[in-house]
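Dear colleague,

Here is the structure I promised to send over. Please have it open while you read the notes below.

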Amino acid sequence: MDLDTFIRANLPLTPAPGVPEVRLHLAEPRSGLMRLAEADPDFGSPYWARCWGGGLALARHVLDHPESVAGQRVLDLGAGSGLVAIAAMKAGAASALAVDVDPYAVVAARLNAEANAVVIETLRADLTERAPPSNVDLMLVGDLFYDADLASAVLPFLRRCAAAGVGVLIGDPWRAHLPREGLNVVAEYPVADFGDPGGVLRNAAVLSLVA
């Protein structure tokens, strides 16, 4: 069974928590993701099959404030399920590119976009050591500050993007490695972050990076 077929068959389309305008192929206890892990030694954490607090807040924000993305070329960095890219297209973005290092995430983002009747581009790549993209107006970044090494790679890239005139919006539920300087809080939203017990809500922020 190829990955497209597996996702369609085992990860049912479910409204994203707090963002019901977007339906995603999300994992359930019986989704059998361990079968993928057993079949592929390169299989990593299936974060692309979950909803995370920063992405939920960022998706909610662009849908509630379509002027933040309308007519812009956006890039969803560390896209996972593609939730934020999909929300941006629903809010009127000119285009959306979903970028992730995980090949499974790229497939999931494409399938989720199809399920929501929007067109996004997908790319498997690590952009953090590259120059700022010249064909992007706005960088959307959800949940990339959960790990110190990742944060230390992502933040300089985002700063280079901001210095080059690319807007940067970050969604994050105040994780430990989110920088506290150089960011302005745009909004906060109550979200159900994956892994929190019993669906308890926490605040997640949408922040802009100061150039």
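First, a definition: a pocket is an open set of points on a 1 Å grid over the protein atoms alone, where a 1.4 Å probe fits, with protein on both sides within 12 Å along at least five of seven lines. Lining residues have an atom within 4 Å of a point. Grid points are joined across faces, edges and corners, and a volume is the space filled by probe spheres set on the points.

This is a predicted model: local features need pLDDT of at least 70, side-chain atom pairs count only at pLDDT 80 or more, and totals for chains, interfaces and linings use all residues. Residues are numbered from 1 along each chain as its sequence is written, and side-chain values use heavy atoms, with hydrogens and water left out.

Pockets

The largest pocket holds about 610 Å³ of space. Its lining has 29 residues; Tyr47, Gly78, Asp100, Asp143 and Leu144 lie nearest the centre. By class, 17 are nonpolar, six polar and six charged. (Ala, Val, Leu, Ile, Met, Phe, Trp, Tyr, Cys and Pro count as nonpolar; Asp, Glu, Lys and Arg as charged; the others, Gly among them, as polar.) β3 (73-77), α4 (83-90), β4 (95-100) and α6 (148-163) each give at least two lining residues. The largest share, three residues, is from α6. Helices (H or I, at least four residues) and strands (E, at least two) are DSSP runs, numbered from the N terminus.

The second largest pocket holds about 210 Å³. It is lined by 13 residues, with Pro17, Cys51, Ala192, Asp193 and Phe194 nearest its centre. Eight of the lining residues are nonpolar, two polar and three charged.

Sheet

Seven strands form an open, mixed sheet, in the order β5-β4-β3-β6-β7-β9-β8. β5 (121-124) and β8 (183-191) are the edge strands; each has a single partner, so one side of each lacks a neighbour in the sheet. The twist averages 20° from one strand to the next. Strands pair if DSSP finds at least two bridges between them. β3 and β4 run parallel, joined by five bridges. Leu77 stands opposite Val99 in β4.

Helix α5 (residues 103-115) lies across β4 and β5, at about 175° to β5. Axes are lines fitted to C-alpha atoms, for helices over the stretch in contact (heavy atoms within 4.5 Å), and angles run from 0 to 180 degrees between N-to-C directions.

His61

His61 sits in helix α3 (residues 53-64). Its relative accessibility is 5%, so His61 counts as buried (under 20% relative accessible area; exposed is over 50%, partly exposed in between; 1.4 Å probe, protein chains only). Leaving aside residues up to four places away in sequence, His61 touches Ser68, Val186, Ala187, Tyr189 and Val206.

Best wishes
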